[in-house]
Amino acid sequence: MTADAERRARAALTRAIEPGDEVGGGWLRRYGAVEVARRLAGTGDPLPGVSARRWTGLRSRAERMSPEADLALARGAGIRFLCPGDPEWPAQLDDLGDARPIGLWVRGTPDLRLWALRSVAVVGARACTEYGAHVAAGLAADLAVRGWIVVSGGAYGIDGAAHRGTLGRGGATVAVLACGLDRTYPPGHRALLDRIAEQGLLVGELPPGDHPTARRFVLRNRVIAALTRGTVVVEAAVRSGALATARRAGRLGRAVMGVPGPVTSALSEGVHELLRDQAVLVNDAAEVIELVGAMGELAPPRRGHVVPRDLLASAAEQVLAVLPARGARHPRDIARAAATTEDEAIGRLYELHSLGFVERHGDGWQLTRRMRDGPDRARHGA
C-alpha cells in the first residue's frame, strides 16, 4: 500500500464518514483507510458494528466519493489535504482516539503542526456583548504580541473578535471551520476568512463543497480543543458550544480558562459555572500564558496603583502614619504613637520633610497640603 493510496482513501472517506464518528475511526484503526473505502464502495463484506440500515446509509454516502476530483478541486483553491503521519499533522489530535479526524483540509501557507504547538483557543458566544467582543479582541491581540497562535471557529461574536484582534496586531490565527474550505460560512465573514487564509490558516474536516450543519459545529469543537494547549471562554450562556469545547479540552488534559463577566449578564452564567467547576479564572494574556506556556513563563504579580508613600522605608512610614490629617503634632507625641524614641522620630520627620511629605510649624509637625489632599489621602485614613 502506497502513501498516495492511503491519502486518496482518506480524502474519499471525508465524503462518506461524518467527523467524529468513533465507529468509523475504529474501522480505520483496525482495517486501514484503503480497506474501509473499498468496503464502503461495495467490494467485500459490510464492516462490523453498525446496523444494516446504517450500513446502507453509509454506502449511499460513499457513492459521492471521488478523491481525485476533490483533491484536484482543493489544489485549485489553494487547499491541501493532511493525513495522520504527515510531517505537518499535529500529533495532539491523536489524543481524540477513534474520534480523531480522518484527515484535515488546510488553506494557508504556514505549517499547522508547528503553529499548533504554541496555540490557545479563544471561544465564546456568537451573540456576544460589547464587553465580550472587547475582551476577546484585546486578549487575542496580547497573545499574538507574545508570539502565541490564536485558534477559534470563525463564527460571529467572540470568535470573530478574537480573529480580528489577532490580525490587527499582525499576529497568527487559525479558524477551524465546520464546512468545506471553499465555502464561506458565515457569509458575513467572507472578508475575514479570506484574510485569515492569507495571514494564517483555515482548517476543516469536510471536503470541498460540503455545507455546515448544527451537529458539525458541535463536532468541530473537539478539533479546536485537541489542537491547542488550552481553551479560554470569554462569554457563554449555560447551554453553549463554547462550554462544550472547554469541557472537551479538560477531558483531553488541556488547560481550561474563563474570563469573568458581569453577574447581571446571561452570557456570564456559563463561564461562571465553568469557573466553579473546572476552569481557572484569567484576566489577561499573561495569566493565560502562565497556564499554557513553558516553565517560567509566569504572570507578573498584581498590585494596586503605586503611590509615593509605598516607596518609604518602614520606619519612616510608621512615623508618617501617626500624623493626623489635620493639625500639627509635637515630636514627643509622634514618637509615643509610633513606638519609637523622640530622636528617631525627629530624624524620620526631617527625612519625610526632604521628600515633601511633612512640614514644620513651630514645635510641631504636620502633613503637607499635597499629602492631605492628594492620592495618598485615603491611605492615611482621612
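The legends below describe several close-up views of a predicted model.

**View 1. The nine-stranded sheet and the pairing of β5 with β6.**
Nine strands make up an open sheet with mixed pairing, and their order across the sheet is β1-β2-β6-β5-β4-β3-β7-β8-β9. The edges of this sheet are formed by β1 and by β9 (280-281), each of which pairs on one side only. Within the sheet, β5 and strand β6 (residues 201-204) run parallel and are joined by four bridges.

**View 2. Helix α11 and its buried face.**
Helix α11 spans residues 241-251, and within this helix Ala242, Leu243, Thr245, Ala246 and Ala249 are buried. When the helix is seen down its axis, these buried residues fall within an arc of 155°, so they line one face of α11. The cover over the buried residues of α11 includes the strands β3 (119-123), β7 (230-233) and β8 (255-258), together with the helices α10 (214-227) and α12 (266-277). At the start of α11, the backbone nitrogen of Ala242 has a side-chain oxygen of Ser240 within 3.0 Å, while just after the helix Gly253 takes a positive phi of about 85°.

Tyr185 is partly exposed, with a relative accessible area of 37%, whereas Phe217, at 18% relative accessibility, counts as buried. Arg126 also takes part in this view, lying over the face of Phe217 at 5.2 Å from the ring centre.

**View 3. The aromatic pair of Tyr350 and Trp365.**
Tyr350 and Trp365 form an edge-to-face aromatic pair, with 5.0 Å from centre to centre and 85° between the planes. Because Tyr350 lies in helix α16 (residues 342-354) and Trp365 in strand β11 (residues 364-367), the pair ties together parts that are 15 residues apart in sequence. Tyr350 is partly exposed, with a relative accessible area of 41%, whereas Trp365 counts as buried at 2% relative accessibility.

**View 4. Arg39 over the ring of Tyr31.**
In this view Arg39 lies over the face of Tyr31, at 5.2 Å from the ring centre.

Met65 is found in the loop between α4 (52-62) and α5 (67-76), and Asp86 is found in the loop between β1 (79-82) and β2 (104-107). Met65 has a relative accessible area of 17% and is buried; Asp86, at 16% relative accessibility, counts as buried too, because the cut-off for this class is under 20%. Leaving aside neighbours within four places in sequence, Met65 is in contact with Ala12, Leu13, Arg15, Ala16, Ala37 and Ala41. Asp86, when residues up to four places away in sequence are not counted, touches Arg7 and Phe81. From C-alpha to C-alpha, Met65 and Asp86 are 22 Å apart in space, and they are 21 residues apart in sequence.

Methods
Residues numbered from 1 in each chain as written. Predicted model: local features only at pLDDT ≥ 70, side-chain atom pairs only at ≥ 80, totals over all residues. Heavy atoms only, no water. Helix = DSSP H or I, 4+ residues; strand = E, 2+ residues; numbered from the N terminus. Buried < 20%, exposed > 50% of the residue type's maximum accessible area, 1.4 Å probe, protein only. Contact = heavy atoms within 4.5 Å. Arc of directions from axis to C-beta. Polar contact = N/O pair within 3.5 Å; in protein donor to acceptor, adjacent residues only side chain to side chain. Phe/Tyr/Trp six-rings, centres within 6.5 Å; stacked < 30°, edge-to-face > 60°. Lys NZ or Arg CZ within 6 Å of the ring centre and 35° of its normal. Pairing = 2+ DSSP bridges.
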